[in-house]
Amino acid sequence: MLEQPAIEAKKVFKSFKTVQAVKGVDLQIERGHFVAILGPNGAGKTTLVEMIEGIQTPDSGEIKVLGKTWKNHSAELHREIGLCLQDTRFIDKLRVIETLRLFGSFYGLHNDRVEEVIDLVGLDEKRRAYVVNLSGGQKQRLAIGLSLLNKPAILLLDEPTTGLDPNARREIWAILNRMKEESNATLLLTTHYMEEAEQLCDYVIIMDQGIILKEGTKNELLGEKKSLDDLFIDLTGRHLNE
Amino acid sequence: MSNRLRARQLGLLIASNFREIVREPGVLFWGIGFPILMSLGLGIAFTKKPNEIRKIAVVTPFEMVLKDTVVVSDKHLGSTTFIFEKMSWDNALVLLKRGNFNLILDQKDGQLQYHFDPMNPDAQLCFLKLSRMFQGKPEILPENAGQIQPLTVSGTRYIDFFIPGILSMGVMMSCMWGLSYGLIDKRSKKLLRRMVATPMKKSYFLLSMITVRIGMNFVESLLLVLFAWLAFGINIHVSLPALLLIFMAGNFAFAGLAVLVSSRTANTEVGNGFINAIVFPMMIMSGIFFSYHNFPDWAIPVIKLLPLTMLADGVRSIFIEGAGLFQVAQPILILTALGTLLFSAGLKVFRWY
């Protein structure tokens with residue numbers, strides 16, 4: 001029997017009051033692939049990821065994760081998914097190690113996995129620090145660590161490096177590249193940084209105004225273009241960061 | 001997940017919530033230190049002093065010869081010292097408005113005139129004592145006024161009335177701010193959303209918050225009662241089962257209310273408004289600082305239905321009247337039912353993100 005794709009979306013629409021955020025998106029992401037959804041603010045990236053994550057329901061169309069819909073399978077899917085949101089704040093006066101242990105307990109994990117993760121995200125020296133005292137980059141590394149605790153089959157990262165300085169951003173990329181080498185997880189990343197998409201992902205989906213403009217491997221997309229930004233200008237007449 | 005792992009999850013959630021509270025010094029001060037300081041302040045302020053001082057502004061020109069200080073006394077009512085100060089009418093009026101003086105005295109056509117707010121009981125009493133003194137009767141009580149038999153039984157002082165009230169108010173405030181605001185804050189930080197993206201048992205999360213809050217309320221209340229016993233000698237020989245059950249029922253009612261109030265919004269300012277709209281009317285009307293029988297008769301049946309009134313009246317009857325479990329069974333049952341109802345309604349509409 002053929003293995004189901006990691007993520008599959010068919011003719012997905014989603015509106016909020018007067019805004020149509022996602023307009024008929026079709027998407028298929030195979031297992032083990034690292035995929036970026038690239039687009040400016042308001043492109044519909046976050047809404048699409050929220051539907052994949054199961055916290056929004058499409059107005060029409062269907063989304064399957066590991067071959068299952070969220071309805072009736074939420075408990076199983078939560079075990080298979082790791083999630084990292086843009087600027088999530090954790091409990092300020094909890095230590096790094098305590099936060100990891102708490103989230104580990106949600107998956108029934110023991111402290112040995114927590115130790116592995118604290119090492120993976122390079123927070124060993126900060127294990128006793130309160131979350132509130134971490135820098136922006138360290139907080140985001142903690143967020144990535146929490147999303148990796150359950151060795152997820154699918155990792156969803158919503159703008160994981162937005163607002164971070166270049167050094168902190170490179171540290172996050174290093175963690176994710178290491179994960180790419182060591183596991184068979186699927187990664188879906190939303191970003192408006194071209195460099196991030198280029199660094200981490202082998203497949204890029206370009207979205208704007210709720211639709212997919214173009215998708216493919218970097219080489220397929222770039223063709224004659226120098227960069228993904230050039231391609232985006234070509235497709236929309238605007239820069240990605242506008 | 002095995003039962004052992006589930007128990008570990010609940011244990012870590014409880015530990016996290018507990019650490020979040022105790023590692024914040026401000027929370028400890030406002031939760032424990034502030035009610036004790038308030039009871040100390042109000043206890044001292046409302047304890048009858050053996051010598052009351054009343055200041056009288058005397059408007060010049062004043063023909064009668066007055067000493068600067070006159071003391072009138074009674075063996076039961078204590079003494080009152082009147083301090084007279086001469087000044088202009090304008091100055092006297094300003095100082096009366098500021099509360100520096102209790103009454104203004106002047107003379108017109110040889111007649112004494114007393115100026116004060118006749119609706120103010122303290123000013124009324126001051127006038128009665130003062131006018132009697134000017135009639136040449138330095139004793140406070142008129143002749144044939146009957147005999148005073150001072151009450152010496154415990155529970156009749158203001159502090160005896162106040163401590164059960166502030167204990168009940170502490171439960172309400174702690175649940176409403178600690179639970180409601182805590183949940184709204186966690187939702188606004190996307191922490192709730194992040195947590196429900198895991199297989200965490202949602203009921204454990206709320207249960208852990210409520211458990212920690214009730215535990216903290218228990219410690220806060222225990223310290224408050226201990227302090228009131230040591231500082232003011234309040235009665236602590238009370239029915240412990242009745243006190244514990246009504247305390248738990250009150251906590252449960254306010255925890256349910258807190259979950260309902262915090263069930264939807266992710267905006268802390270809106271949450272602030274909701275919480276204030278609920279706690280302020282109860283704080284004023286439920287007989288915490290003064291008896292709700294000061295309100296009009298038509299309002300009293302409504303006030304008695306408020307959860308804070310039920311809790312405060314129940315706790316007060318245990319401390320002051322020596323009520324047992326049977327006497328407070330009704331508020332215990334109503335508060336428990338109310339908590340169940342509000343908690344169920346809150347869970348039904350609760351938004352995790």
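Into which domains is chain B divided? Chain B splits into domain 1 (9-45 + 157-349) and domain 2 (51-134), with bounds taken from an automatic or database domain assignment. Keep in mind that this is a predicted model, where local features need pLDDT of at least 70, side-chain atom pairs count only at pLDDT 80 or more, and totals for chains, interfaces and linings use all residues. Residues are numbered from 1 along each chain as its sequence is written, while chains are lettered from A and ligands numbered from 1 in the order in which they are written.

**Domains of chain B**

- The C-alpha centres of domain 1 and domain 2 of chain B sit 44 Å apart.

**Where the chains touch**

- On the chain B side, 20 residues are in contact with 22 residues of chain A; contact here means C-beta atoms, placed from the backbone, within 7 Å.
- Helix 1 (3-22) and helix 6 (191-196) of chain B each put at least two residues into the side that touches chain A. Helices (H or I, at least four residues) and strands (E, at least two) are DSSP runs, numbered from the N terminus.
- Helix 1 of chain B gives the most to that side, with seven residues.
- By type, the side of chain B that touches chain A has eight nonpolar, three polar and nine charged residues. Ala, Val, Leu, Ile, Met, Phe, Trp, Tyr, Cys and Pro count as nonpolar, Asp, Glu, Lys and Arg as charged, and the others, Gly among them, as polar.

**The sheet in chain B**

- Five strands of chain B form an open sheet in the order 2-3-1-4-5, with mixed pairing; strands pair if DSSP finds at least two bridges between them.
- Strand 2 (69-74) and strand 5 (111-115) of chain B are at the edges with a single partner strand each, so one side of each has no neighbour in the sheet.
- On average, neighbouring strands of this sheet are turned by 25° against each other, direction ignored.
- Strand 1 (residues 51-59) and strand 3 (residues 78-87) of chain B run parallel and are joined by nine bridges. Asn51(B) has Ser79(B) as its bridge partner in strand 3, and Ile53(B) has Thr81(B).
- Strand 1 of chain B also runs parallel to strand 4 (residues 103-108), with three bridges between them; here Ala57(B) stands opposite Ile104(B).

**Helices lying across the sheet**

- Helix 3 (residues 89-97) of chain B lies across strand 1, strand 3 and strand 4, at about 150° to strand 1. Axes are lines fitted to C-alpha atoms, for helices over the stretch in contact, and angles run from 0 to 180 degrees between N-to-C directions.
- Helix 4 (residues 121-134) of chain B lies across strand 1, strand 2, strand 3, strand 4 and strand 5, at about 40° to strand 4.

**Helix packing in chain A**

- Helix 5 (residues 136-148) and helix 6 (residues 166-182) of chain A have axes that come within 9 Å and cross at roughly 20°. That makes helix 5 of chain A roughly parallel to helix 6 of chain A (angles under 35 degrees count as roughly parallel, over 145 as roughly antiparallel, 65 to 115 as roughly perpendicular and the rest as oblique).
- The residues making this contact include Ile144(A) and Leu148(A) of helix 5 of chain A and Ile172(A) and Ile175(A) of helix 6 of chain A.
- The residues of this helix 5 and helix 6 contact in chain A divide into six nonpolar, three polar and two charged.
- Helix 3 (residues 96-106) and helix 4 (residues 111-120) of chain A pack at about 130°, with axes 9 Å apart, which means helix 3 of chain A is oblique to helix 4 of chain A.

Conventions. Two residues are in contact if their C-beta atoms, placed from the backbone, lie within 7 Å.
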